[in-house]
Amino acid sequence: MIEYLVAIGLIIGIFAIFALGLNLEWGFTGLINFGHVGFLAIGAYTTVLLNQGGFPLWISMVAGVVLAGFFGMLVGIPTLKLKADYLAIVTIGFSEIVRLILLNEDWLTRGPMGLHGFDRPFEAVIPFDYNYFLFLFTFVSLAVIYILLEQLVHSPWGRVLKSIREDEDVASALGKNVFSYKIQVLILGSAIAGFAGALLAFDLQYINPRNFIPMETFYAWIIVVLGGSGNNKGIIVGAFMLQFFYSGTRFLQDFVPFDSTQMSSLRIMIIGLLLVVFMMYKPQGLLGKKEELGLGR
Amino acid sequence: MEHSILEVKEVKKQFQSILAVDECSLSVRKQAITGLIGANGAGKTTLFNLITGYYKADSGQILFNDTRIDDMPTFKRARIGMVRTFQITKALSRMTVLDNMMLGPKGQSGEKIWNIWLKSGKVSKEEDMAKEKALEILDFFDMLHMKDEYAGALSGGQKKLLEMARSLMIDPIMLLLDEPFAGVNPTLAKKLVVYIKELREKGMTFLIIEHDIPLITKVSDTLSFMSQGKIILEGTPEEVKKDPRVLDAYLGGGD
């Protein structure tokens, strides 16, 4: 049982980190990123490929994070000048391009066969079950990222982000370089996703393009909306909740007379239903502020 | 035209078939309060948008303090001291009144990401100063008791006031106000008139769009009347408001 909980906890921690990056973009700055998974993939593949290419693990990880941030910047430069929500379209396109490259460039990524056989942090020196260590490593990282993000969003820098979220015309009327802030946010949010990608690779020990389908992005969105957008604590709670809905419904198997194929389809419906019901009663998310919902522009 | 701070020279802006601003020229004297009046659709707000960089002019020049600013992005125009408010108020709804205010000051160290950790002392000192100033201005605008409210929860008139108060946080050289008195109660509007004049004495320049002719007459040194994308009349408020074209536009709105 404890192994099972640790395994689930790992996924929760990784997705909480992944969603914190999205929350910085959407919850605080109002940027619609539908391709967050693309940066998760870049982080994971870069870490693994460089490590397999002989680089020390920590350099590979740093490179994964930096490269994810760099691609965040590349996607942002042409699109963030545009006012409307073109970013949403461009990012979803970008994440699919990333996935298709990973799927088709066999010489580099082994395509659909995926990659395995790479180092994991301190694996050689951990005397106990490695998953326990990875669990600890993930949650310490989560705590550090959470604290840094909290400092950021409560700073004058974060105040500018919120003003861009509310009305970017005001931000520029007050002398703020809106474009520069959006780029910074996209770099940071993508870098965080890249880091989550490295952790995901360590957890799975085997990565392939199927791990990086668009649905992963929307899991992050579900977490953000469940927990309360613009609330970092809410994101962590949201990650727990999504996994609770997701894994909790597995145990229904014991109580219903369906076979496992029927049950797995039914489960998805039940998860959807739970989300709908939850949103009806808590439209602002678990830790979101209700009074913010009614405030128009 | 000595000591003009803002020079608009034959600026033109066309939206598809509508010529919103038609080779319009306008000169605003330093430390003066200039009123900009005209019927709806005359091009006043478009002219504001051109001056502040929200639109790019098709042709013509705009000079601020003898520097050409036509190609300067909006945020840079704000940084060199030209700050505006909006006709349809833009309160930052899901931010508190105080946060709205504290966004104002320019050159805040804490707006650079690394300084949050590298210069945390300086950042928090600046925050304290900004807060003090914000509370002072809010107090003047009778809004001190609302400092922790969400800006989105304010009434229309209060949002107008907040916008103007927020602009003052930047210490602008020139303030462009788009209908600052619309929806503000008469007592406070009169107080604002006095305050604007006080700020002018301290050296600030104002360009104000306003439909309330008695109020704009009272506050302005000169009035410019705009019609079909052009300034067609300039002069003292008394002269301008007696002009038949102005009377016509306002249908007896000038007394």
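Q: How many residues does the largest nonpolar core have, and which have the most contacts inside it?
A: Keep in mind that this is a predicted model. The largest nonpolar core has 148 residues. Those with the most contacts inside it are Ala16(A), Ile17(A), Ala19(A), Leu40(A), Ala196(A) and Ile223(A).

Q: Nice. Which helix gives the most to this core?
A: That would be α9 of chain A, residues 178-204, with 15 residues.

Q: And which domains of chain B does this core draw on?
A: Domain 1 (4-91 + 171-250) and domain 2 (92-153) of chain B each provide at least three residues.

Q: Back to Ile223(A): what does it touch, leaving out residues up to four places away in sequence?
A: Ile223(A) touches Phe15(A), Ala19(A), Ile235(A), Gly238(A), Ala239(A) and Leu242(A).

Q: New topic: why is helix α7 of chain A largely enclosed by the rest of the structure?
A: Because 11 of the 11 residues in α7(A), residues 156-166, are buried. The charged side is in there too: Arg159(A), Lys162(A), Arg165(A) and Glu166(A) are among the buried residues.

Q: Now the interface. How many residues of chain B are in contact with chain A?
A: There are 29 from chain B, in contact with 26 residues of chain A.

Q: Which element gives the most to that side of chain B?
A: α2(B) does, with four residues. Helices α3 (97-102) and α5 (120-140) and strand β6 (82-84) of chain B also supply at least two residues each.

Q: And how do the residues on that side divide?
A: On the side of chain B that touches chain A, 14 are nonpolar, seven polar and eight charged.

Notes
Residues numbered from 1 in each chain as written. Chains lettered and ligands numbered in written order. Predicted model: local features only at pLDDT ≥ 70, side-chain atom pairs only at ≥ 80, totals over all residues. Contact = placed C-beta atoms within 7 Å. Buried ≥ 20, exposed ≤ 12 C-beta atoms within 10 Å, placed from the backbone. Core = buried A, V, L, I, M, F, W, Y, C linked by C-beta atoms within 7 Å. Domains from an automatic or database assignment.
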